[in-house]
Amino acid sequence: SAEMTSGYSNEACASPQSLTVNTNGSGSGSVPITPPGTTVASGSTYTGYHASTSTVAVTAAASAGSGFAQWAGDCTGTGACNVAMSADRTVTATFVPFGLTAVNPNLGTAGLTKAVTLTGTGFNPPGGPGTTAVAIGSTLATSVTVVDDTTITATFPAMAAGTYNVTVTNLLCATGSVPFTYSPPPTLASLTPTAGAAGQSRAMSAQWATRPRHAGSQSARQL
């Protein structure tokens with residue numbers, strides 16, 4: 001009898017492998033999965049089957065007010081991940097709250113540096129903050145220290161008078177902005193009286209050509 005051969009390979013009939021994609025954390029976001037071209041929202045799980053010779057791309061997209069902290073399972077780090085489906089795979093994306101809420105103090109004097117404390121959330125995420133940058137406008141702050149998940153200390157550089165947006169950037173992405181204002185330095189117009197007896201205190205009144213922030217005239221004592 002004649003021997004017959006098939007044009008099909010057994011490899012094409014290999015058992016598919018399962019891919020499970022979970023989301024975790026108190027933040028929000030989504031995970032697009034290609035193929036099949038679906039998206040997993042926070043709090044949801046995807047389970048699908050893929051050919052053992054295929055590769056599935058998963059990416060993480062944080063919602064506003066959140067950041068993508070890290071992958072776990074068969075993906076690591078914080079970048080996009082290509083999952084080789086040579087075996088069953090499980091991937092977990094963790095999203096955490098991330099934002100800047102306040103800068104204290106929020107005022108400085110033009111031409112002078114200013115030490116500040118920034119408060120918010122997500123400054124020290126589970127995977128670590130990586131390189132943390134604090135910017136005021138387009139200028140980077142110096143002496144940036146991540147104290148904990150909610151606190152950063154930094155020094156703002158000497159800047160021209162005006163209001164600038166302050167942002168924080170780390171591995172999670174970039175926060176929304178909080179304003180910081182540099183006021184012009186005060187200029188004294190007159191001082192009354194202009195003289196006093198040596199060794200005696202005396203009440204004086206200052207009039208400002210350029211007023212200090214939140215002040216019009218103020219009293220001083222001469223010793």
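Guide: Let us begin with a cut-off: a residue counts as buried when its relative accessible area is under 20%. The model before us is predicted. Tyr182 has a relative accessible area of 1%, so Tyr182 is buried.

Visitor: How is a pair of aromatic rings described?

Guide: A pair of aromatic rings is described by the distance of the centres and the angle of the planes. In this structure, a search of the whole model finds 5 aromatic pairs. One of them joins Phe68 and Trp71, with 5.0 Å from centre to centre and 65° between the planes, an edge-to-face arrangement. Phe68 is buried at a relative accessible area of 6%, and Trp71 is buried at 4%.

Visitor: Why is the pair of Tyr164 and Tyr182 edge-to-face?

Guide: Planes over 60 degrees apart count as edge-to-face. The planes of Tyr164 and Tyr182 stand at 85°, with the ring centres 5.8 Å apart, so this pair is edge-to-face. The pair links distant parts of the chain, 18 residues apart: Tyr164 lies in strand S17 (residues 162-170) and Tyr182 in strand S19 (residues 178-183).

Visitor: Which residues form one aromatic cluster?

Guide: The cluster consists of Phe156, Tyr164, Phe180 and Tyr182.

Visitor: What is the order of the strands in the open sheet of 4 strands?

Guide: The order is S4-S1-S9-S7, and the pairing is mixed. Strands S4 (45-50) and S7 (66-73) are the edge strands, each pairing on one side only. From one strand to the next, the twist averages 20°. Strands S7 and S9 (residues 89-97) run antiparallel and are joined by 7 bridges; Gly73 has Val91 in S9 as its bridge partner.

Key
Residues are numbered from 1 along each chain as its sequence is written. This is a predicted model: local features need pLDDT of at least 70, side-chain atom pairs count only at pLDDT 80 or more; totals for chains, interfaces and linings use all residues. Side-chain values use heavy atoms; hydrogens and water are left out. Two strands pair if DSSP finds at least two bridges between them. Helices (H or I, at least four residues) and strands (E, at least two) are DSSP runs, numbered from the N terminus. Axes are lines fitted to C-alpha atoms, for helices over the stretch in contact, and angles run from 0 to 180 degrees between N-to-C directions. Rings of Phe, Tyr and Trp (its six-membered ring) pair if their centres lie within 6.5 Å; planes under 30 degrees apart count as stacked, over 60 as edge-to-face and the rest as tilted. Buried means under 20% relative accessible area, exposed over 50%, partly exposed in between (1.4 Å probe, protein chains only).
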